[in-house]
Amino acid sequence: MNAPIASLSRAQEIVAANASGHDEIRVLLAPGIYRGQGVEWRTFPGIWIRFLPLAQGKTVVFDGRGGAQSFFFKGEPPAPQRGSSPVSMKLEFNGITIRNYCEGISLRSWADDVRQPGGRDVVIRHNTFENIGSKYDPVLRKKLPRGQCTAALRLQGVGHGRVEDNSFKNIINLPKNQTGSRSYGSTLLHAIYISNMSRDNVILRNRFENFSGDAIRIRDASDRNKIAENVFGSASKGAPEGQIHAISQWHCNPQVLACIERAIPRNECESSKLELSDNRIQGKNVASYADRTERKTVCAE
């Protein structure tokens with residue numbers, strides 16, 4: 001389709017109607033600032049869907065201010081069924097700036113009752129995530145930022161993805177007493193959150209600056225992820241001294257009060273065989289790596 005359209009929601013309708021018979025579909029983004037957009041993407045035809053600037057080198061900005069959505073892009077294919085093959089998400093985001101949202105891109109392919117990963121084949125490359133978290137949440141609750149922000153980029157049950165050459169700047173949650181939800185305080189926000197059996201992903205050459213929680217968090221049997229050549233600047237002003245890390249892992253288990261309160265319905269597991277290499281810390285108040293697990297859980301798959 002050659003005629004311009006005004007929203008990602010309309011783009012999804014067109015992709016859903018025209019995907020058959022194609023190897024890939026490109027959603028080309030004209031230069032400019034797109035304000036207040038957010039989309040729940042549920043169209044996964046098994047071919048590559050690529051979100052790219054129309055003109056290489058021109059600025060494309062999605063700015064959440066003034067919108068009714070706290071997130072920019074939430075991708076949720078059908079949950080995997082027991083014994084089924086993984087869903088191939090085949091999404092690429094390249095050369096986009098995403099700013100002023102509670103959360104940026106969240107890709108989820110996971111089913112609690114099956115305990116099986118689903119999504120595969122995601123590429124996040126050459127993007128800028130800026131001003132993400134409850135400090136910048138465009139949606140208010142009781143005249144305060146709504147809150148409940150946990151990630152600029154989330155891979156949940158997603159495997160074989162590549163997150164390369166992106167910039168994450170000002171990834172900041174407010175203290176929970178300054179948000180309408182009174183939950184998910186300053187340290188519970190991550191630039192990249194890899195969870196729920198998100199395996200065999202490559203996180204390469206990204207830059208992080210001014211973040212209130214551990215920049216990269218790995219959770220629950222997210223094995224064999226490679227995290228290399230990333231550069232970490234400083235933690236945000238007021239971050240607890242010695243408590244912010246470039247990379248950390250954690251998982252829920254029955255002894256963790258927060259998990260009990262949220263009624264997590266299963267044991268989660270330690271993430272293993274992580275490959276961490278050539279990552280550099282250039283800023284202040286940032287340690288390298290922490291295992292934040294409160295008590296180990298050994299569980300069979």
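Guide: Here is a walk through that region, starting with the ground rules.

This is a predicted model, in which local features need pLDDT of at least 70, side-chain atom pairs count only at pLDDT 80 or more, and totals for chains, interfaces and linings use all residues. Residues are numbered from 1 along each chain as its sequence is written, and side-chain values use heavy atoms, with hydrogens and water left out.

Let's begin with the core. A nonpolar core here is a set of buried Ala, Val, Leu, Ile, Met, Phe, Trp, Tyr and Cys residues joined through side-chain atoms within 4.5 Å. Buried means under 20% relative accessible area, exposed means over 50%, and partly exposed is in between, using a 1.4 Å probe and protein chains only. The largest such core has 56 residues, and F51, F73 and I105 have the most contacts inside it.

Take two of those three, F51 and F73. Both are buried. Rings of Phe, Tyr and Trp (its six-membered ring) count as a pair if their centres lie within 6.5 Å; planes under 30 degrees apart are stacked, over 60 edge-to-face, and the rest tilted. By that rule there are 12 aromatic pairs. For F51 and F73 the ring centres are 5.6 Å apart and the planes sit at 75 degrees, so this pair is edge-to-face. F51 lies in strand 4 (residues 48–53) and F73 in strand 6 (residues 71–75), so the pair ties together parts that are 22 residues apart in sequence. Strands, by the way, are DSSP runs of E with at least two residues, numbered from the N terminus.

Next comes F72, paired with Y101 in a tilted arrangement: 5.9 Å centre to centre, with 55 degrees between the planes. Since F72 is in strand 6 and Y101 in strand 8, this pair ties together parts that are 29 residues apart in sequence. F72 and Y101 are both buried.

The charged end of K74 sits over the F71 ring, 4.3 Å from its centre; the rule asks for NZ of Lys or CZ of Arg within 6 Å of the ring centre and within 35 degrees of the ring normal.

Leaving aside neighbours within four places in sequence, I105 is in contact (heavy atoms within 4.5 Å) with F72, F73, F93, I98, I124, F129, A152, L153 and R154.

On to the cysteines. A disulfide is a pair of cysteine sulfur atoms within 2.5 Å, and the count comes to 1. The partners are C102 and C149, with their sulfur atoms 2.1 Å apart. The torsion about their S-S bond is about -125 degrees, so the disulfide is left-handed. C102 lies in the loop between strand 8 (97–101) and strand 9 (103–108), and C149 in the loop between strand 15 (144–145) and strand 16 (151–156), so the bond ties together parts that are 47 residues apart in sequence. Both cysteines, C102 and C149, are buried.

What about the strands around all this? Two strands pair if DSSP finds at least two bridges between them. Strand 2 runs parallel to strand 5 (residues 60–63), joined by 4 bridges, and Y34 has F62 in strand 5 as its bridge partner. Further along, strand 13 (residues 128–132) pairs in the parallel sense with strand 19 (residues 167–171) over 4 bridges. There F129, one of the I105 contacts, has F168 in strand 19 as its bridge partner.

Strand 12 (residues 119–125) is mostly covered, with 5 of its 7 residues buried. Strand 7 (residues 88–94) pairs with strand 12 in the parallel sense over 5 bridges, and E92 stands opposite V123. Strand 18 (residues 162–164) also pairs with strand 12 in the parallel sense, over 3 bridges; here the bridge partner of V123 is R162. Strand 17 (residues 158–159) runs parallel to strand 12 too, joined by 2 bridges, with V158 as the bridge partner of G119.
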